[in-house]
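Student: I would like to learn how to read aromatic pairs and helix packing in a model such as this one. Could we go through them step by step?

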Amino acid sequence: MTRLIALTPIIMKCFERLVMRQIKDLLPPSLDPMQFAYHPNRSTDDAISTTLHLSLTHMENKDTYVRMLFIDFSSAFNTIIPQHLTEKLSLLGINTSLCNWILDFLTGRP
């Protein structure tokens, strides 16, 4: 049984980092303060700690309850519709040329 391995050339990885930095610089800093993924010095442990703290603090009040839903988005990137992503990036003020490059980069990839 053979397993396919995707190897991205080093030059492409460097280019992706440059594009990511440009996109991050253009996005509002307060896009979502409760996002833990893809932020430096933030992890799933931080997300769990924050959720527990907020829930337990809330439950200290009389006659209160907490509902929680946990969803694993670990494979969410595989289900992205590139056209929808570039439309949303465009609405956030990302340059049209960069949106078109991202669309081209994501289109037709297994």
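Tutor: Let us begin with phenylalanine 105, which is buried at a relative accessible area of 19%, where buried means under 20%, exposed over 50% and partly exposed in between, with a 1.4 Å probe and protein chains only. This is a predicted model, in which local features need pLDDT of at least 70 and side-chain atom pairs count only at pLDDT 80 or more, while totals for chains, interfaces and linings use all residues. Residues are numbered from 1 along each chain as its sequence is written, and side-chain values use heavy atoms, leaving out hydrogens and water.

Student: How is a pair of aromatic rings described, and how many aromatic pairs does a search of the whole structure find?

Tutor: A pair of aromatic rings is described by the distance of the centres and the angle of the planes. Rings of Phe, Tyr and Trp (its six-membered ring) pair if their centres lie within 6.5 Å, and planes under 30 degrees apart count as stacked, over 60 as edge-to-face and the rest as tilted. The search of the whole structure finds two aromatic pairs. In one, phenylalanine 15 and tryptophan 101 have ring centres 5.0 Å apart and planes at 75 degrees, so the pair is edge-to-face. Phenylalanine 15 belongs to helix 1 (residues 10-26) and tryptophan 101 to helix 4, so this pair ties together parts 86 residues apart in sequence; helices here are DSSP runs (H or I, at least four residues), numbered from the N terminus.

Student: Which residue forms a stacked aromatic pair with tryptophan 101?

Tutor: Tryptophan 101 is stacked with phenylalanine 105, at 5.2 Å centre to centre and 15 degrees between the planes. Because these two residues are four apart in helix 4, about one helical turn separates tryptophan 101 from phenylalanine 105. Phe15, Trp101 and Phe105 form one aromatic cluster, in which phenylalanine 15 is partly exposed at 36% and tryptophan 101 is partly exposed at 27%.

Student: At roughly what angle do the axes of helix 3 and helix 4 cross?

Tutor: Axes are lines fitted to C-alpha atoms, for helices over the stretch in contact, and angles run from 0 to 180 degrees between N-to-C directions. The axes of helix 3 (residues 82-91) and helix 4 (residues 96-106) come within 9 Å and cross at roughly 165 degrees. Helix 3 and helix 4 are therefore roughly antiparallel, given that angles under 35 degrees count as roughly parallel, over 145 as roughly antiparallel, 65 to 115 as roughly perpendicular and the rest as oblique.

Student: Is cysteine 99 buried or exposed?

Tutor: Cysteine 99, which lies in helix 4, counts as buried at 5% relative accessibility.
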